[in-house]
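Subject: A structure for you to explore

Hello,

Here is the structure I promised to pass on. Please open it next to this email, and then read on for what turned up in it.

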Amino acid sequence: MLPHLDRKLLRDLARLKGQAAAVSLVMACGLAMLIMARSLIHSLETTRAAYYQANHFADLFASLKRAPNDLGARIAALPGVATVQTDLAVPVTLDLPGLAEPASGLVRSLPDFGAPELNRLFLRRGAWLSPGARGEVLVGEAFAKANALNPGDPLTLLLNGRRQTFRIAGIVLSPEYIFESRPGAALPDSRTYGIFWMSYKEVATAWNLYGAFNHVAATLAPGASSPAVIAELDRLLVPYGGRGAYGRKDHPSHIRVTDEIRVLTILSIGFPTIFLCVASFMTNSVLSRLLALQREQIAILKAFGFANRQIAVHYLKFAFVMVAGGVLLGLLGGVVLGRQLVGMYELMFRFPDLVFQLDFSAVAIALAVGLGAVTLGVFSSVRQAARLPPAEAMRPEPPASYRPSRLERLGLKRLLSHSFRIAVRNLERRPMQALFTVAGLALATALLILPNTFKAGIADILDFKWDVVQRQDINLGLVEPSSARIAHELAQLPGVTSLEPSRFAAVRIHFNGRSRQIGLRSLLPNARHSRAVDHAGREIPPPTDGLVVSAKLAEVLGARVGDLLVVEALEGRRPVKTLPITGLAEDFTGIAAYMELSAINRFLGEGDVITGASLGLDMSKRGEFLAALKEIPRVSTVAIKESMRKSFRETTAQMMGLIQSIYLMFSVVVAFGVIYNNARISLAERARELATLRVVGMTQREVGAIIVIELVLLAVLAVPLGLVMGTGFATVIISTVSTETVRLPLVFTSYTYTFAVLVVVTASVFSALVVLRKLKQLDLIATLKAPE
């Protein structure tokens, strides 16, 4: 048999089930996001760590022009180096049936016999390369899936200008390419770019690199300093065209996964915090109302010998039941939504087995945070009620001070209806309650701003990046830096309407002890294709003796316009030069620095050299152009703008869109929950007063108008404040989740604010209708008999 107080608790919960359910639902939304985000972080971190360990992912990496295999022993002898693996990495183009544009990729070599020591592959389907066999290739899973390739299928590659057909032995994954994209690209395009593996002998023979390597990976000995080893490795590789060694933390694929984890970490804090603040306000409202109505019951309980502690625990249990409901619903929602998002991550990240793993510590955190939020919201009221002397509690609350409102004292009494005046007086008599209600409504309104700001940012990237900054149709990359004369050959291809040559160089930029290894990209004066624009969309002219850098790069380095950066080239003669920042470019994928084309060539000490070109195309001749392009062996990469836009929509935008939809759904639920809860509490608190007004002659419509007017006045005060708060929340969160790989612009549209207002209005109308229906069903005689 349940104790007396517990039976009373069940009766109270049954009577206030609507308000208790609303609080639990709001809390569940915040806790679901907390559990979902923390569990996704746990899933990504544990899966990545296990993958790295099982497949011996390296600690250091470096590319170079060419070095003899004997150099591997000298690298292994460097202090702090544990294991060294050398191999070949060469660009390749492909001719795939059914794919109009030429695909491109990177071929990596594998030992002719035995497995590699580092960066071991995971065989998804098919078989490994046969020892000593020729004509076989392993294909990365992302490219294979995008092009429906299977083991046993033929694959035609253009290796160093020679067309060869290989048989696909197997489909594989690599810890080096969890996120698979073109070098320097922040977005994947698996349909036209892939990674392939062949035997060392096959690759070396095709590229005349037998007995040499151009890529090295290494692991560190325990206790070794990564920066010190990198510096020694760079020094050793300089004579062989070394392009700058880097550690695991700077590996492009590793960075992409780490950035995603960082974004999830921020979202696991920001949104749940706001939701739980709303839940705290709502719990305070429910419990304060319950305590006010049960003053006499508290006095009777004390008279029968119940201690203050027992009474306090009784009312805290009421709050904790709502927390338990919120945690259970949040756990269920977090697991369901987390599984959906893991499915989306499989579009971007290639793990052998990425499954949703519930982070049990997140459940414990959710429970603790939920209990803390409601305890904070109700502790003061519960303590005050528990300390109330029995004799004082038996007396009704002192009557409120009934006096004209400020509006009436201003002489507006004749303009206001009786219902309006009563509503305003009630709000003025209980300012703290009104303040808490406005705060809760404002937070609910603020939550509606952020999801649509995400949506507007995604739409802006789709338009801004590919229509304002990059106005060309196609980007081409060359196998090797070549004379600018090749641009004339490319301009003669069918359908080319405009061409602008480009230059790319790998550099390391230093400023105040910070450095980043990035790409230095060329710009042309009055360019028709690629441009650098500032935050206002104005074009930044390319400097001839300075740098335009990504705004994000300047933020990372702690630099600003006018500061001097040390630019260290990582190719050719490796010159070093100090250059000022002349402008900050607003870009949203990756980080880079920009110079005028001829200035880059002067800096590198080279003549009229280019590494690629951007082209405008007559789309009616697209097929002829792409067919002709396949016959040019010096072209190593082809990036078509529409393909990149489509890839962004199908991966990054789709994932952001799903997260935005989840948050938007939760925000709408919270807005309805807060407004409904407030309306129901207002009716419950004033049932006796409203029944009295009905008895003394006021009509059903006039009495209902009092509740509706209160609801409207509170919403009018809360919505503008919520819109301002939402703008601030969105600014902070979107700025915080911006990473070096992908960033969202901060875009506020009229739709964003209109949507938030419409949701609040709809929730208010719905709540008003529910309350008016309850008011119509009110038993006047029973209500007037007792406050309860």
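N208 sits in the loop between α5 and β10 (212-220); helices (H or I, at least four residues) and strands (E, at least two) are DSSP runs, numbered from the N terminus. Although N208 is not a glycine, its phi is positive, at about 55°. N208 is also exposed, with a relative accessible area of 53%. Here, buried means under 20% relative accessible area, exposed means over 50%, and partly exposed is in between (1.4 Å probe, protein chains only). N512 is another residue with a positive phi that is not a glycine, this one at about 50°. You will find N512 in the loop between β14 and β15, and it is exposed at 67% relative accessible area.

Before you go further, please note that this is a predicted model: local features need pLDDT of at least 70, side-chain atom pairs count only at pLDDT 80 or more, and totals for chains, interfaces and linings use all residues. Residues are numbered from 1 along each chain as its sequence is written, and side-chain values use heavy atoms, with hydrogens and water left out.

Now to the charged pairs. Side chains of opposite charge can pair when their charged atoms come close. A salt bridge is counted when a side-chain nitrogen of Lys or Arg is within 4 Å of a carboxyl oxygen of Asp or Glu. That rule gives 22 salt bridges. Here are some to look up:

- E202 pairs with R134, and their closest N and O atoms are 3.5 Å apart. E202 belongs to helix α5 (residues 200-206) and R134 to the loop between β5 (122-126) and β6 (136-140), so this pair ties together parts that are 68 residues apart in sequence. E202 is buried, at 6% relative accessible area.
- R508 and D234 form a salt bridge of 3.3 Å, N to O. R508 is in strand β14 (residues 504-511) and D234 in helix α6 (residues 226-237), so parts 274 residues apart in sequence are tied together by the pair. Buried or exposed, which is R508? R508 counts as buried, at 11% relative accessibility, and D234 is buried too, with a relative accessible area of 10%.
- K577 meets D545 in a salt bridge of 3.6 Å, N to O. K577 lies in strand β18 (residues 576-585) and D545 in the loop between β15 (514-523) and β16 (547-550), so the pair links parts that are 32 residues apart in sequence. K577 is partly exposed at 35% relative accessible area, and D545 is partly exposed at 47%.

Some bridges share partners: D234, R508, E568 and R574 are joined into one network in this way.

Next, the nonpolar cores. In soluble globular proteins, nonpolar side chains tend to be buried together. A nonpolar core here is a set of buried Ala, Val, Leu, Ile, Met, Phe, Trp, Tyr and Cys residues joined through side-chain atoms within 4.5 Å. Which residues touch the most other members of the largest core? They are L267, F318, F349 and V670, out of 137 residues in that core. Leaving aside residues up to four places away in sequence, L267 touches P272, F454, I659, Y663, I733 and V737, where contact means heavy atoms within 4.5 Å. Another core lies apart from the largest one and has 27 residues, including L96, A144, L157 and Y200.

Last come the cavities. On a 1 Å grid over the protein atoms alone, a cavity is a set of points where a 1.4 Å probe fits but cannot get out, and lining residues have an atom within 4 Å of a point. Grid points are joined across faces, edges and corners, and a volume is the space filled by probe spheres set on the points. The whole structure has 4 cavities of 30 Å³ or more.

The largest cavity has a volume of about 260 Å³. Of its 19 lining residues, E260, V263, M656, V737 and V742 are the closest to its centre. Helices α7 (252-293) and α21 (652-685) each supply at least two residues of that lining.

The second largest cavity has a volume of about 150 Å³. It is lined by 16 residues, and the closest to its centre are L427, Q433, S682, E710 and L714. The largest share of this lining, 5 residues, comes from α21.

Enjoy exploring!

How values were computed:
1 Å grid on protein atoms, 1.4 Å probe; cavity = no way out; pocket = protein on both sides within 12 Å on 5 of 7 lines; lining within 4 Å.
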